[in-house]
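Here is a short briefing on one protein chain. Please keep the sequence and the structure open while you read.

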Amino acid sequence: MSSAGDRILLVENDPEINDLIARQVLTAVGYYVDVVVDSSAAIRQALLTPPDLIMANLNLPGLSAKDLLVALASQGITTPLMVIASKGQEQDIIQAFRLGAADYLLWPAREAEVLSAVERVLGRVHELRDRQRLDMKLSETNHELQRKVRELTAIINIGKAVVSITDQRFLFQKIIDGAVQVADANIAWLLVRNDESKAFLLTAQRGLPEVWSKKINLPLDDGMSGLVALSGETLSISGEPLLKFRVANLGRSACAVPIKVQREVIGMLVVVRKDGRPFEKMEQTLLEAVADYASISLVNARLFRALSSSVQAAKEGERRQNALLESVRSSITEELQAAIYPIEILLTEKPGQITETQRQALQTARAALQRLGRAAERTTPPVPITLKKK
């Protein structure tokens with residue numbers, strides 16, 4: 001359906017036809033009508049105030065309606081044109097259609113016929129515009145869906161990296177790349193607090209100029225991060241207010257997100273856009289999710305260091321224990337050797353004959369000492385017991 005309020009350009013040099021179409025029919029039902037008498041004026045008017053429909057008489061003086069169709073096309077004007085023709089001009093009407101005419105009106109015509117023809121063409125115009133708006137909306141929606149898929153993919157990839165990548169420097173770079181993607185940013189960097197100095201050091205970056213990037217593993221003051229470290233809250237600034245901060249040298253919009261363990265800020269994720277688009281709430285939420293992954297990574301690194309220290313301490317304790325056991329075993333072995341030797345001498349009866357009772361007692365003592373020696377050997381790698389000879 002056409003709607004009142006559409007603008008129509010009427011190109012007609014006959015005053016009676018102008019009055020009937022413009023005043024008695026179209027204006028009466030709410031259309032805006034501009035009237036010109038020749039094609040040259042029609043082109044100027046169409047460029048000045050683009051109409052929704054052009055109605056032109058085929059028999060215009062000078063440039064005809066067919067010439068007007070060609071001229072409008074050369075100017076890039078795509079407004080539909082309806083030709084007004086007299087009976088017997090069927091061939092001219094066909095030629096006009098070939099040149100791009102949208103419809104025709106045979107004259108003379110009654111008021112209802114004029115209105116019906118206009119509404120028919122404007123109906124198609126509105127349908128075309130509705131389709132174009134729908135196509136544009138679908139395109140925007142598709143673009144938004146694709147963007148969200150990219151954001152979700154980036155978040156998923158960061159999550160996978162956190163649980164699979166052991167090289168923390170490489171993992172931090174993955175986090176920075178993901179932050180740039182989900183925030184549609186140009187520059188990003190990661191600051192991590194040093195446990196000893198408590199300073200925030202530049203740990204990873206993407207897109208920083210050389211004068212900034214060469215400060216890797218060194219403190220970096222961008223102006224915003226200090227405020228975020230104190231507040232523990234995300235800070236997004238764009239436009240003129242950003243000029244107060246050093247980060248304004250990099251772009252016109254910036255967002256700094258704290259990386260926290262419980263309520264303690266242990267790092268910060270900063271992203272910058274070169275244009276002035278502020279970071280929307282959803283983008284800030286996505287950056288906070290990336291920061292959470294960075295927090296998990298930092299906590300995992302701390303736990304790994306603590307576990308490594310514990311394992312090292314346990315190994316050192318085991319080594320010391322083994323050394324102590326070896327020392328005790330060695331001492332016992334030496335004492336046993338010293339105790340067994342005189343028994344062996346006595347059993348040879350070289351010092352003198354011994355009674356059977358004495359022999360049994362010495363043999364029992366020797367067996368007991370030998371069992372004790374074997375028990376001592378089982379506590380550590382066995383060391384052969386040899387009798388000392390004099």
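The points below run from the whole chain to single residues.

This is a predicted model: local features need pLDDT of at least 70, side-chain atom pairs count only at pLDDT 80 or more, and totals for chains, interfaces and linings use all residues. Residues are numbered from 1 along each chain as its sequence is written, and side-chain values use heavy atoms, with hydrogens and water left out.

**Whole chain**

- The chain has ten helices and ten strands. Helices (H or I, at least four residues) and strands (E, at least two) are DSSP runs, numbered from the N terminus.
- Of the 390 residues in the chain, 39% are buried. Buried means under 20% relative accessible area, exposed means over 50%, and partly exposed lies in between (1.4 Å probe, protein chains only).
- Among contacts in the chain with a separation of 6 or more, 61% link residues 24 or more positions apart. Contact means heavy atoms within 4.5 Å.

**Nonpolar core**

- The largest nonpolar core has 29 residues. Such a core is a set of buried Ala, Val, Leu, Ile, Met, Phe, Trp, Tyr and Cys residues joined through side-chain atoms within 4.5 Å.
- Leu190, Val271, Leu287 and Val290 have the most contacts inside this core.
- At least two residues each come from helix 5 (111–164), helix 6 (168–183), strand 6 (187–193), strand 9 (253–261), strand 10 (264–273) and helix 9 (281–347).
- Helix 6 gives the largest share of this core, eight residues.
- Val290 touches Ile155, Ile158, Ile175, Ala179, Val182 and Leu269, with residues up to four places away in sequence not counted.

**Helix 2 against helix 3**

- Helix 2 (residues 39–48) packs on helix 3 (residues 65–74) at an angle of about 30°, and their axes are 10 Å apart. That angle makes helix 2 roughly parallel to helix 3. Angles under 35 degrees count as roughly parallel. Axes are lines fitted to C-alpha atoms, for helices over the stretch in contact, and angles run from 0 to 180 degrees between N-to-C directions.
- Helix 2 supplies Ser39, Ala42, Ile43 and Ala46 to the contact, while helix 3 supplies Leu68, Ala71 and Leu72.
- These contact residues are six nonpolar, one polar and no charged. Ala, Val, Leu, Ile, Met, Phe, Trp, Tyr, Cys and Pro count as nonpolar, Asp, Glu, Lys and Arg as charged, and the others, Gly among them, as polar.
- Ser64 sits in the loop between strand 3 (53–57) and helix 3. Ser64 is buried, at a relative accessible area of 15%. Leaving aside neighbours within four places in sequence, Ser64 is in contact with Ser39 and Leu58.

**Backbone points to check**

- A cis peptide bond joins Trp107 and Pro108, with omega about 5°. Pro108 lies in the loop between strand 5 (103–107) and helix 5.
- Asp184 is not a glycine, yet its phi is positive, near 50°. Asp184 is in the loop between helix 6 and strand 6. Its relative accessibility is 41%, so Asp184 counts as partly exposed.
- Gln262, also not a glycine, has a positive phi of about 60°. Gln262 is in the loop between strand 9 and strand 10. Gln262 is exposed, with a relative accessible area of 78%.

**Gly207**

- Gly207 lies in the loop between strand 7 (200–206) and helix 7 (210–213). Gly207 is partly exposed, with a relative accessible area of 46%.
- Leaving aside neighbours within four places in sequence, Gly207 is in contact with Asn186 and Ile187.
- Gly207 and Val272 are 65 residues apart in sequence and 9.5 Å apart in space, C-alpha to C-alpha.

Methods
Parallel < 35°, antiparallel > 145°, perpendicular 65-115°, else oblique.
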